[in-house]
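Biologist: Please take a close look at one strand of this model and its pairing partners. Then set that part against the rest of the chain.

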Amino acid sequence: MTSAEVTRRRVMGLGFGVLAGASAGCSGDSGPVRRLRLATGPEGGPYNAFGQALARAVAASGRRIEIVPVSTSASVDNLRKLDDGSVELALAMADVAEDAVLGRDPFPRATAATALARVYVNYTHLLVPADGPVRSVRDLAGRPVAAGAAGSGVQVVAERVLRAAGLSGASPSAPATAAPATAAPATAAPADERQLGLAASVSALREGSVDALFWSGGVPTPALADLARELPLRFLPLDAHVGALRERHGPVYTAVTLPAGVYGLTEPVGTIGVGNYLLARADVPQGAARDLLQVVFERWRDLLREVTAGVRLEPRFAISTGEVPLHPGAAAHYRAVYG
């Protein structure tokens, strides 16, 4: 059993009850304001929106902490910044976070990241023009694909999906111990992966310079909802690849469903879910971590409004952070408030 699992079992063993009030050990009304830099994502993206909303919520709370959002390329970039100390907090997809704490490529060594909470689930989107020839992942052989910005979690999951379909070489972020048999043989020409952020990906698909677009985010993602209103789209099912991804990379990947009605879909589309973690350096003071989590749980509706719809932030969900250990302040928060 890993240390992360031990920590979570101890927290869960105390039980979760009704919220009884503010947790003990808050920073109080005196003392200096603790300034915490939060690595988010590119401007206009969901991580950036979450970070800005969190900064506003913390400022309005009166607690002695300040959140300073930092625009980045997203998950991989965020873990690197957390590791080098240029930020104290970060948002990252679960698969990238586990690669970081286990020291798997693209991270040269284990990153001492800890989790404050699993805050919501990203849905993997793979969309193509509805009147085009692409009807499955395998049809992307040799075709240009917008596969996420360099340093983003989108790029990681896109590479892994394409590898599972036999359309890519060895994944730069695959675990060194993974068995080659879990990946589909590369019998077709690889997809032409283009490193593009969300805005550039949408423009490229609209203009026809790429044949498909990968995205990992909340539902609905506003930029994709806007695109679906002006261009007939087909969302490709990806749930058939969940088993291969879990076998190779672990249980960070789950089967989820894009519901009918979103993006104009007439029926549900199965796809791949990946959690998003709010992370902290281990040296962030416990009191600051607990104060921050109080705000997150008090204001979760506001924080998630712009990134995903129809979800709740529940304690049992929040502590499910896989191989990433809970920050000591986070463990103390969950024990004090939900015990």
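Modeller: Strand E4 (residues 113-129) and strand E10 (residues 269-281) pair in the antiparallel sense, and nine bridges join them. Within this pairing, Asn122 has Val274 of E10 as its bridge partner. The model is a predicted one, and each value here is computed from it.

E4 also pairs with strand E7 (residues 212-217), again antiparallel, through five bridges. Here Thr124 is bridged to Ser216 of E7. A further antiparallel pairing, of three bridges, links E4 to strand E8 (residues 233-235). In that pairing Val128 has Arg234 as its partner. As for cover, 17 of the 17 residues of E4 are buried. For the chain of 339 residues, the buried share is 53%.

Leaving aside residues up to four places away in sequence, Arg234 touches Leu126, Leu127, Val128, Pro129, Ala130, Gly132, Val134 and Arg135. For one of these, Pro129, the C-alpha atom is separated from that of Arg234 by 5.9 Å, although the two residues are 105 apart along the chain. Across the chain, among contacts with a separation of 6 or more, 77% are between residues 24 or more positions apart.

Pro106 lies in the loop between helix H4 (94-102) and E4, and the peptide bond that joins Asp105 to Pro106 is cis, with omega near 10°. Another cis bond runs from Val219 to Pro220, with omega near -5°; Pro220 belongs to the loop between E7 and helix H7 (222-230). Most peptide bonds are trans, and most residues other than glycine have a negative phi.

On the phi side, Tyr263 has a positive value of about 60° and is not a glycine. Tyr263 is in the loop between strand E9 (253-258) and E10. With a relative accessibility of 11%, Tyr263 counts as buried. Ala74 also has a positive phi, near 100°. Its place is the loop between strand E2 (65-70) and helix H3 (75-84), and at 10% relative accessibility Ala74 counts as buried.

Beyond the strands, there is a helix pair to describe. The chain has twelve helices and ten strands. The axes of helix H9 (residues 286-298) and helix H12 (residues 328-338) come within 8 Å and cross at roughly 55°. H9 and H12 are therefore oblique to each other, and their crossing is right-handed. On the H9 side the contact is made by Gln286, Ala289, Arg290, Leu293, Gln294 and Phe297. H12 contributes Pro328, Gly329, Ala330, Ala332, His333, Tyr334, Ala336 and Tyr338. Sorted by class, the residues in this contact are nine nonpolar, four polar and one charged.

To return to the strand asked about, E4 has antiparallel pairings with E10, with E7 and with E8.

Terms used: Residues numbered from 1 in each chain as written. Predicted model: local features only at pLDDT ≥ 70, side-chain atom pairs only at ≥ 80, totals over all residues. Heavy atoms only, no water. Axes fitted to C-alpha atoms, helices over the stretch in contact; angles between N-to-C directions. Helix = DSSP H or I, 4+ residues; strand = E, 2+ residues; numbered from the N terminus. Parallel < 35°, antiparallel > 145°, perpendicular 65-115°, else oblique. Left-handed = near helix turned anticlockwise from the far one by under 90°. Contact = heavy atoms within 4.5 Å. Nonpolar A, V, L, I, M, F, W, Y, C, P; charged D, E, K, R; others polar. Buried < 20%, exposed > 50% of the residue type's maximum accessible area, 1.4 Å probe, protein only. Pairing = 2+ DSSP bridges.
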